[in-house]
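Me: I am new to this structure and would like to learn how to read it step by step. Could you start with the general idea of each feature and then turn to the case at hand?

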Amino acid sequence: MKHFRKLSVPYFIWCIIFILIPLVLIILYAFTNGGNDVKTLNFTLDNFARIFDETYIKVFAKSLLLGVLTTAICFVMGYPLAYIISKQDDSIQDMLIMAVTIPTWINMVIRTYAWINLLSDNGIINGLLGLLGIDPVTMMYTNFSVVLGLVCNLVPFMIIPIHTSLRKMDPSLTEAAMDLGADPVQTFIRVIFKLSMPGVINGIIMVFLMAISSFVIPRLLGGGQFVLIGNLIEQQFVSVGDWNFGSAISTILAVLILIAMRLMKKMDASPMDEA
Amino acid sequence: MGDLIELKNLTKNYDDLQVLKGINLNIKENEFLTLLGPSGCGKTTTLRIIAGFEEPSSGEVLFDGMDISRIPPYKREVNTVFQKYALFPHMNVFDNVAFGLNIKKVDKSVIETKVNRMLNLVGLKGFGPRDVSNLSGGQQQRVAIARALVNEPKVLLLDEPLGALDAKLRKEMQTELKKIQKEVGITFVFVTHDQEEALTMSDTVVVMNEGTIQMIGSPIDVYNEPENRFVAQFIGESNIIEGTMKKDLLVSFDDFDFECLDKGFPENEPVDIVIRPEDLDIVEPEAANLTGLVKSVVFMGVHYEIIVESKYRDYKIHTTDFSPVGKQVGLTLTPDDIHVMWKMGVY
């Protein structure tokens, strides 16, 4: 076994260079102010204090709101789909899951541009509405278009973990519930849904995480003035050049996500009491 | 004791495959009935039709005289103990057992009394707060039985419930199940492929093969008076010999005539004859008509299994007396050791 362990060395080096060091650097940047040379470091909490400005608080609030909304829509759409898929024959299940994943093979930016073509004021949908004599509806650069883009991109990440947990569930558990007098609705609520909770939690964490940190979709579908946390970070690094402030926002975002994940995991682990 | 369940001409097709080919069976109140057969014989399908998990392709399932074959499982007065127990992993022992009562919205205090009484009955007193996944196979089994029985069904269906247990535990559970059945006084329908299990526990054994019922009878009848070659072969070990029924009480095989207790066959009817290995006695060659050479001796614990090679066939004999390999021996039997059966497919 010992010489197999050596094979993992490149992996550890990879992890250190590309995950650990950048992480340490971000935290370092977050707690220092600009203009440091290699020898001296000036530690400060100013970067964090700046976030409590009203504009930034609003950005955080909006991001969280849109993240929660996107996750909720993904869940409401994804669970029934995952459930229906899990009820099919094995070969059909594989095919349907494939169909769910295929869109993710296409670059996200391209898919998002497709939405612009559909949603813009002189786009396809408004063109069709015009044929029916309906005035153009503004859909682009609104919360609607951003959430739509996010849901469209992220719903597979909700469906797949839920489907996995439903699929590996022993079908005799459903039969046992029915046998003990539970009608299909009671069986679903008391047994199937509760047993699929690990999948639901994973789906929620993944979708929420990606929704709250995304910046390409909000910029393309929300326009320049549509600023979410992801955009704010991107701006700080790319256009403003204030890496210290950008790092501070990143750190706060990471902490928020960690807290959310802990809460979700706790919910999953806590004993589910019978009503 | 009236009939509680009647199966009438039950068939079941899966695509082109017919797994049940016309099952007719009456199950009485308070009876321990076992469906016995090799895998794929349709015994589990029959059970699942009674439980309501499968619909028959044709035929009727009468319960107390009413056809229930299209009624969903949650409206039936039967409960099932599943092969792999199917306990709810997200609930503790108490909540598993209380599941059916919770669904029926029974009063909390009543649930508590009933569940605890049931846990006592199956020998799991005080196990209520335990997590089901930490229980042993035997304990999970008991929870599954308690979970089904607490609903006070008229019939308990058991789908090979002892299959996953080790030999010793299985023996214990056999006795215990029988005891529980006596105590609660309801009908048990038990599915197994293990003939010993069927013979020790049942009031009635239903032997099935390839979607048909081969024989219905008490364990003693099924063992001693098998109706055909399949039943004789499947239950216990046997020497099955082709012979001819000369006339009532006289059967001929291996060149000799033997007195027997069977009658009612036409004269010179070709028949199958069953002789159980423990019924053959090994004697000196001069004292018997049937003679042969001891071909092999295997020590089986309680007895030896001796194979004697005779002119027409090898006889299997179970005896506590040792005979050395290569010895010339005679084989004797009394009239009640011989059981004559119709050839298969004649009736």
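Reply: A contact means heavy atoms within 4.5 Å. This is a predicted model, in which local features need pLDDT of at least 70, side-chain atom pairs count only at pLDDT 80 or more, and totals for chains, interfaces and linings use all residues. Residues are numbered from 1 along each chain as its sequence is written, chains are lettered from A and ligands numbered from 1 in the order in which they are written, and side-chain values use heavy atoms, with hydrogens and water left out.

Me: Which residues does N268(B) touch, not counting residues up to four places away in sequence?

Reply: Leaving out those up to four places away in sequence, N268(B) touches T244(B), M245(B) and K246(B).

Me: Is N268(B) buried, partly exposed or exposed?

Reply: Buried means under 20% relative accessible area, exposed over 50%, and partly exposed in between, with a 1.4 Å probe and protein chains only. N268(B) has a relative accessible area of 49%, so it is partly exposed.

Me: Where is D248(B) placed, and which residues does D248(B) touch?

Reply: Strands are DSSP runs of E, at least two residues, and helices runs of H or I, at least four, numbered from the N terminus. D248(B) sits in the loop between β11 (239-247) and β12 (250-253) of chain B, and, not counting residues up to four places away in sequence, D248(B) touches D262(B), K263(B), G264(B) and F265(B).

Me: How many helices and strands does chain A have?

Reply: Chain A has 14 helices and 0 strands, and 39% of its 275 residues count as buried.
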